[in-house]
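With the model open in your viewer, follow the stops below in order, making each selection before reading on.

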Amino acid sequence: MVNNKSETADIPIIDLSPSNAHASSELLDAAAHYGFVFIANDPSTTGLSTAEIDDMFSLSKQFFSSPTEIKEEVSIASNQAGKNPSTWASRSTINSNNPYHNPKTHAQTLITFQNKCHALCQRILTHFATALEIEKDWFTSRHDQTKGPSGTVFRLLYYPAAENPPTGGSKNGEDIRAGAHSDFGSITLLFQQRGQPGLEIRTPSGEWAAVPVDPTARSPSSEGKGSNDPVTGETPQKEGQTALGTKALPILVNIGDLLEDWTAGLLKSTVHRVIFPQQQRGEDRGIVGEGGDGDGEKRGGGDRYSLAYFCHPLDEAELESVPSRRVEEYAAAGGGKDGGSVGGTRRSVVKEDGKVMTARDHLMERLGATYTVK
């Protein structure tokens, strides 16, 4: 049984700007070690402004606060869900080309944001290719959405506040908002809001470690010393101190199962979950003001909103061996947790007939192992 009191994961923040000549190697090292990495969100580098991200969160809150009959119109069970939809994770689904009850207002907003997310994913994949010393477009050409469909999906996630915040903790399963899982695709972009913690990753030792919403709030003197707030993962404010800054939060990136298998286990798809952080006691359990998300909710115990862009390769992309010496050496050494490879290709991407899986084959296998897929 894992310890209920999770430490804070010391996930690095990578600057992707041209001024950082080591960005590619830093990204690869973080992906190989943690499976998670923060990207410094300088709009000139990521292409995503704070205003655009805030607008998307506002749209999400607007939808989830809508009457039930409005949300049911775009339920995953309705014929409005479409293929590869944007998902409103209150068990409702919506296609980016068919947004809820006002297409003219929201369609282009969703499409534009998703396009920018995909462009950032392509930039990250280019860095991976550079660090692996293969053709720079080796991954991006297989994620080029102009060439065909893919499993890529954009989700607006909402975890409602608990009327009676759980006190039993993880040992009783009372504090789980989203159970332990790994993502299916290549990479995931996750956008979070200040004052809304809860994400945890499983460390190699099997312990759970909290992922800070704002890793930039860690003071140099507290780095690695576990002095961050145990609920938010952020450095506590001193009395009279102004609210946490309004600078754009770093974007959290994690590796999916497919990219782990594609790289013979070199890059790590790390298991993670979302919990209700344990409620603080006494004066620390007060209302979060401007340092939170602006809604004045209790620290860690209120609503949690996040945006997730799950990037997948083209459906027909074959998961052939990545022609990288580093990947080949890793595969030859055992290929990580699954172990073993066939001609440098991870066994888990080789079908029973010996043929290499396509990205769609891989996604359907992962879905089939998790859900009942027709």
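Begin by selecting strand S11, in this predicted model, and display its side chains: Ile-251, Val-253 and Ile-255 point one way, while Leu-252 and Asn-254 point the other way, and all of them are buried. In a regular strand the side chains alternate between the two faces of the sheet. Because five of the five residues of S11 (residues 251-255) are buried, the strand is largely enclosed by the rest of the structure.

Strand S3 (residues 36-39) runs antiparallel to S11 and is joined to it by four bridges, with Ile-39 standing opposite Ile-251. Strand S8 (residues 187-191) is likewise antiparallel to S11 and joined to it by four bridges; here Leu-190 is the residue that stands opposite Leu-252.

Now move to the open sheet, in which five strands follow the order S1-S10-S9-S12-S7 with mixed pairing. Strand S1 (7-8) and strand S7 (176-181) stand at its edges, and each has a single partner strand, so one side of each is left without a neighbour in the sheet. Within this sheet, select S9 (residues 199-202) together with S10 (residues 208-210), an antiparallel pair joined by three bridges, and look for Arg-202, which stands opposite Trp-208 in S10.

Finally, select helix H2 (residues 43-46) and pick out Thr-45 within it. Is Thr-45 buried or exposed? Its relative accessibility is 9%, which is under the 20% cut-off, so Thr-45 counts as buried. Leaving aside residues up to four places away in sequence, Thr-45 touches Leu-16, Ser-17 and Arg-123.

Conventions:
Residues numbered from 1 in each chain as written. Predicted model: local features only at pLDDT ≥ 70, side-chain atom pairs only at ≥ 80, totals over all residues. Heavy atoms only, no water. Helix = DSSP H or I, 4+ residues; strand = E, 2+ residues; numbered from the N terminus. Buried < 20%, exposed > 50% of the residue type's maximum accessible area, 1.4 Å probe, protein only. Contact = heavy atoms within 4.5 Å. Pairing = 2+ DSSP bridges.
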